[in-house]
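Q: Hi! I'm new to this one and would like a friendly tour. Could you walk me through it?

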Amino acid sequence: MPTRGGIAILRGSLAPDGAVVKQSAVAPSMMRRTGPARVFDNEEAANMVILGGGIKEGDVIVIRYEGPQGGPGMREMLSPTSNIMGMGLGESVALITDGRFSGGTRGAAIGHVSPEAAADGPIALVKEGDLIEIDIPERKLNLLVDAAELDARRKDVVHPKKVITSPLLRRYASLVKSAANGAVYKDPQEG
């Protein structure tokens with residue numbers, strides 16, 4: 001009889017409202033890991049660096065602005081996870097995103113980080129080289145940066161502007177709730 005489920009919900013200073021990992025697909029060596037952040041504001045930029053050999057063992061890739069509001073539509077991160085595996089880094093590199101993963105994802109792929117970057121979540125404050133602690137057995141996901149430093153960064157954060165040509169996606173981005181609440185529309189009267 002299994003002692004744990006296939007997925008786990010992680011919480012901490014990087015994901016106060018939670019994040020999801022398919023723990024049954026994570027190598028034992030990656031269940032507890034602290035590593036330096038490699039930060040990307042979209043999937044395409046991350047893929048270029050991964051395929052260009054710019055990621056090394058121990059790195060923690062952070063792909064933000066791909067959540068329900070920032071994507072918009074919560075893009076699936078199949079390419080980055082496949083590229084990590086293809087580069088032979090599946091047992092030494094973690095990927096954290098406010099986007100999502102499919103059921104077939106393998107490796108330390110942590111998604112649905114909430115609140116997302118576009119909604120001023122802590123993932124928007126991560127800088128290149130910051131240490132990130134992943135502890136799947138203890139259900140923790142922490143950004144190891146002093147609270148005072150994060151407050152200072154919060155004052156200076158500038159969210160990238162995506163051009164959204166679809167009126168439906170513009171509406172969705174303006175009305176969507178957090179992934180922690182199902183990424184469904186807010187009631188317009190909620191404000």
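Q: How many strands are in the open sheet, and what's their order?
A: This is a predicted model, and its open sheet has eight strands in the order S1-S2-S6-S5-S4-S3-S7-S8, with mixed pairing.

Q: Which strands stand at the edges?
A: S1 and S8 do. Each has a single partner strand, so one side of each has no neighbour in the sheet.

Q: By how many degrees are neighbouring strands turned against each other?
A: On average by 30°, if you ignore direction.

Q: Parallel or antiparallel, how do S4 and S5 run?
A: S4 and S5 run parallel, joined by four bridges. If you want to find a spot there, look at Ile63, whose bridge partner in S5 is Thr97.

Q: And what about S3 and S7? In which sense do they pair?
A: Strand S3, residues 32-40, pairs with strand S7, residues 131-135, in the antiparallel sense over five bridges. Gly35 has Ile132 of S7 as its bridge partner.

Q: What happens between S7 and S8?
A: They pair in the antiparallel sense too, over four bridges, with S8 covering residues 140-143. Together S7 and S8 make a hairpin, and four residues lie between them. Arg139 sits in that turn with a positive phi of about 65°.

Q: Which residues stand opposite each other there?
A: Ile132 stands opposite Leu143 in S8, and Asp135 stands opposite Lys140 in S8.

Q: Ile132 keeps coming up. What else is it in contact with?
A: Leaving aside neighbours within four places in sequence, the contacts of Ile132 include Leu14, Val60, Val62, Ile96, Val126 and Leu141.

Q: Which members of the largest nonpolar core touch the most other members?
A: Ile96, Ile132, Ile134 and Leu141, out of 33 residues in that core. S1, S2, S3, S4, S5, S6, S7 and S8 each supply at least two residues of this core. Apart from it lies another core of 13 residues, with Ile50, Ile55, Phe101 and Ala109 among them.

Q: Why would nonpolar side chains be grouped like that?
A: In soluble globular proteins, nonpolar side chains tend to be buried together.

Q: Let's switch to helices. How do the axes of H1 and H2 cross?
A: The axes of helix H1, residues 43-51, and helix H2, residues 78-86, cross at roughly 10° and come within 9 Å. Angles under 35 degrees count as roughly parallel, so H1 is roughly parallel to H2.

Q: Which residues make the contact?
A: From H1 there are Glu43, Asn47, Ile50 and Leu51, and from H2 there are Ser79, Pro80, Asn83 and Ile84. By class, that contact of H1 with H2 has four nonpolar, three polar and one charged residues.

Q: Which strands does H2 lie across?
A: H2 lies across S4, S5 and S6, and runs at about 170° to S5.

Q: One last stop: where is Arg75?
A: Arg75 is in the loop between S4 and H2.

Q: Buried, exposed or partly exposed?
A: Arg75 counts as partly exposed because its relative accessibility is 26%, which falls between the 20% and 50% cut-offs.

Q: What does Arg75 touch?
A: Not counting residues up to four places away in sequence, Arg75 touches Glu43, Glu44, Glu66, Gly99 and Arg100.

Q: And how far is Arg75 from Met87 in space?
A: They are 22 Å apart, C-alpha to C-alpha, and 12 residues apart in sequence.

Technical notes
Residues are numbered from 1 along each chain as its sequence is written. This is a predicted model: local features need pLDDT of at least 70, side-chain atom pairs count only at pLDDT 80 or more; totals for chains, interfaces and linings use all residues. Side-chain values use heavy atoms; hydrogens and water are left out. Two strands pair if DSSP finds at least two bridges between them. A nonpolar core is a set of buried Ala, Val, Leu, Ile, Met, Phe, Trp, Tyr and Cys residues joined through side-chain atoms within 4.5 Å. Buried means under 20% relative accessible area, exposed over 50%, partly exposed in between (1.4 Å probe, protein chains only). Contact means heavy atoms within 4.5 Å. Axes are lines fitted to C-alpha atoms, for helices over the stretch in contact, and angles run from 0 to 180 degrees between N-to-C directions. Angles under 35 degrees count as roughly parallel, over 145 as roughly antiparallel, 65 to 115 as roughly perpendicular and the rest as oblique. Ala, Val, Leu, Ile, Met, Phe, Trp, Tyr, Cys and Pro count as nonpolar, Asp, Glu, Lys and Arg as charged, and the others, Gly among them, as polar.
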